Amino acid sequence: MENGPQIRESVTEGDKAAPRRTLSRDAVVASICGFVVVFMVGASYAAVPFYDWFCRATGFNGTTQVATSAPAEGPLARKISVRFDANVGPGLPWKFEPEQNEIEVRIGEVVTVFYTVTNQAARTTTGVAAYNVAPLTVGAYFQKINCFCFSEQTMGPGEKREMPVVFYVDPALAKDSENDGLNTITLSYTFYPVREVAPKPVAAGESDKRKGNL
């Protein structure tokens, strides 16, 4: 008689332990899945700036380099033609064209060229330029000292503006045997519309108001 209740009581405790183990296992699996999702989302956001940095550092995919001054060594005797291409993305009412379609420069020579931009809309519009050079392998040797592509460009209604590009072709190109037969480089820009313009800081706006009241 006494053994019967003891057996039933033991079975009851086992039945209670099983759901607890199941809940604990589900919690661990859910935690792991949550971590994986967070990691993948973070990695996707980090991939964009990392890819941009990689292209700028290596010239991959025709990404030009950024220089702060002229090359240490003077221009070489070897010359190369540089062509200029201009494009406007859908939704941006701009006329965008180079003042010269092609020039011939010496490798290592610092050159300034101009693009002309006209806002053909009756409203203020903002665009930002993407760029690359062709052939794509030349990106590592195309050095830009100054360029309008580094920031957003806001144009008033009907406004026309000249935008300079200061660049040189790195003399290191002449030492690259793979480019011995290279005669022409194409620098290409495409302006895309910026839908939302970043607002001015509040402090800057207050400062402007104070200046206006003086």
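Where does Pro135 lie? Pro135 sits in the loop between E6 and E7, and the notes below take the rest of the fold in turn.

1. **Ground rules.** This is a predicted model, in which local features need pLDDT of at least 70 and side-chain atom pairs count only at pLDDT 80 or more, while totals for chains, interfaces and linings use all residues. Numbering starts from 1 along each chain as its sequence is written, and side-chain values use heavy atoms, with hydrogens and water left out.

2. **Overall make-up.** The protein chain comes to 2 helices and 10 strands (DSSP runs numbered from the N terminus, helices being H or I with at least four residues and strands E with at least two). From the N terminus on, the elements run α-β-β-β-β-β-β-β-β-β-β-α. Of the 214 residues, 31% count as buried (under 20% relative accessible area; exposed is over 50%, partly exposed in between, with a 1.4 Å probe and protein chains only). Among contacts (heavy atoms within 4.5 Å) with a separation of 6 or more, 76% come from residues 24 or more positions apart.

3. **The open sheet.** Five strands form an open sheet in the order E4-E2-E10-E6-E8, with mixed pairing (two strands pair if DSSP finds at least two bridges between them). E4 and strand E8 (153-155) are at the edges with a single partner strand each, so one side of each has no neighbour in the sheet. From one strand to the next, the twist averages 30° (axes are lines fitted to C-alpha atoms, for helices over the stretch in contact, and angles run from 0 to 180 degrees between N-to-C directions). E2 and E4 are antiparallel partners over 5 bridges, and Ile80 has Val105 in E4 as its bridge partner.

4. **Strand E3.** E3 and E5 also pair in the antiparallel sense, over 5 bridges, and Phe96 stands opposite Val117 in E5. The covered face of E3 carries Trp94, Phe96 and Pro98, whereas Lys95 and Glu97 make up the uncovered one.

5. **The core.** The largest nonpolar core has 33 residues, and Phe148, Phe167, Tyr189 and Phe191 have the most contacts inside it (such a core is a set of buried Ala, Val, Leu, Ile, Met, Phe, Trp, Tyr and Cys residues joined through side-chain atoms within 4.5 Å). Strands that each supply at least two residues of this core include E2 (79-88), E9 (160-169) and E10 (184-193). Neighbours within four places aside, the contacts of Phe148 include Phe96, Tyr115, Ala129, Tyr189 and Phe191. In soluble globular proteins, nonpolar side chains tend to be buried together.

6. **The disulfide.** A search of the whole structure finds 1 disulfide (a pair of cysteine sulfur atoms within 2.5 Å). Cys147 and Cys149 form it, with their sulfur atoms 2.3 Å apart. The torsion about their S-S bond is about 135°, so the disulfide is right-handed. Both Cys147 and Cys149 are buried.

7. **Thr125.** Thr125 belongs to strand E6 (residues 125-134) and is buried, at a relative accessible area of 5%. Its side chain makes a polar contact of 3.2 Å with that of Asn119 (a pair of N or O atoms within 3.5 Å; within protein, one must be able to donate a hydrogen and the other to accept it, and residues adjacent in sequence count only if both atoms are side-chain atoms). Not counting residues up to four places away in sequence, Thr125 touches Leu92, Pro93, Trp94, Asn119, Gln153, Thr154 and Met155.

8. **Back to Pro135.** The peptide bond from Ala134 to Pro135 is cis, with omega near 0°.
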